[in-house]
Amino acid sequence: MSRSIEQVWTAAGDLTPYAAQQRDPVTTGHAARTLNHPFPRREPVLALDFGATSVLVTTNGPVTAEDLEFARQLAREAHRFARSLERGFYGLPDGRGVAA
């Protein structure tokens, strides 16, 4: 059964974003960066670096349809995150689907 990215981020069906549940969430800033590491003979690794903390995302073996769906969900949510940041940076009003 495929789960939405919101369910992946949350525990026990709570739809509060995972970062909001953390005691010490990682934040973006001058030390934050994202890198894709493709390899010719193994699965790629996506690195999210936040200074002293790194999150590595990869698959466990050959790539599956579920892996592709997760990667697409991750890309969609990253795009939405960037759009939300842009709206805040440029002082645009909140749009549809913005959390209160």
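Residues are numbered from 1 along each chain as its sequence is written. Because the model is predicted, local features need pLDDT of at least 70 and side-chain atom pairs count only at pLDDT 80 or more, whereas totals for chains, interfaces and linings use all residues, and side-chain values rest on heavy atoms, with hydrogens and water left out.

The protein chain has a mean pLDDT of 76, where pLDDT is the predictor's confidence in each residue, from 0 to 100. A value of 70 or more is reached by 69% of the residues. Confidence is highest in strand β1 (residues 32-39), with a mean of 92, and lowest in helix α1 (residues 5-9), with a mean of 39. Over residues 1-22 pLDDT stays under 50, and the model has 25 contacts for this stretch beyond four places in sequence; a contact means heavy atoms within 4.5 Å.

Next comes the overall architecture. The protein chain holds 3 helices and 3 strands, and along the sequence they follow the pattern α-α-β-β-β-α. Helices (H or I, at least four residues) and strands (E, at least two) are DSSP runs, numbered from the N terminus. Among contacts between residues at least 6 apart in sequence, 19% join residues at least 24 apart. Of the 100 residues, 7% are buried. Here buried means under 20% relative accessible area, exposed means over 50%, and partly exposed lies in between (1.4 Å probe, protein chains only).

The 3 strands form an open sheet in the order β1-β2-β3, with antiparallel pairing. Strands β1 and β3 are the edge strands, each pairing on one side only. On average, neighbouring strands of this sheet are turned by 15° against each other, direction ignored; the axes behind such angles are lines fitted to C-alpha atoms, for helices over the stretch in contact, and angles run from 0 to 180 degrees between N-to-C directions. Two strands pair if DSSP finds at least two bridges between them. In general, strands of a sheet pair through backbone hydrogen bonds, either parallel or antiparallel.

Taking the strand pairs in turn, β1 and β2 are joined in the antiparallel sense over 7 bridges. These two strands make a hairpin with 2 residues between them. Across this pair, alanine 32 has phenylalanine 50 in β2 as its bridge partner, and leucine 35 stands opposite alanine 47 in β2. Alanine 47 stands opposite leucine 56 in β3, while leucine 46 has valine 57 in β3 as its bridge partner. Strands β2 and β3 likewise form a hairpin with 2 residues between them, and glycine 51 in the turn has a positive phi of about 75°.

Aspartate 49 lies in strand β2 and is buried, because its relative accessible area is 11%. The side chain of aspartate 49 makes a polar contact of 2.5 Å with the side chain of serine 54. A polar contact is a pair of N or O atoms within 3.5 Å; within protein, one must be able to donate a hydrogen and the other to accept it, and residues adjacent in sequence count only if both atoms are side-chain atoms. Leaving aside neighbours within four places in sequence, aspartate 49 is in contact with Ala31, Ala32, Arg33, Leu35 and Ser54.

Leucine 48, also placed in strand β2, counts as partly exposed because its relative accessibility is 23%. Beyond four places in sequence, the contacts of leucine 48 are Arg33, Thr34, Thr53, Ser54 and Val55. Leucine 48 and asparagine 36 are 12 residues apart in sequence and 8.9 Å apart in space, C-alpha to C-alpha.

Valine 55 has its place in strand β3 and is partly exposed, with a relative accessible area of 35%. Setting aside neighbours within four places in sequence, valine 55 is in contact with Leu46, Ala47 and Leu48. The C-alpha atoms of valine 55 and valine 45, 10 residues apart along the chain, are separated by 10.0 Å.
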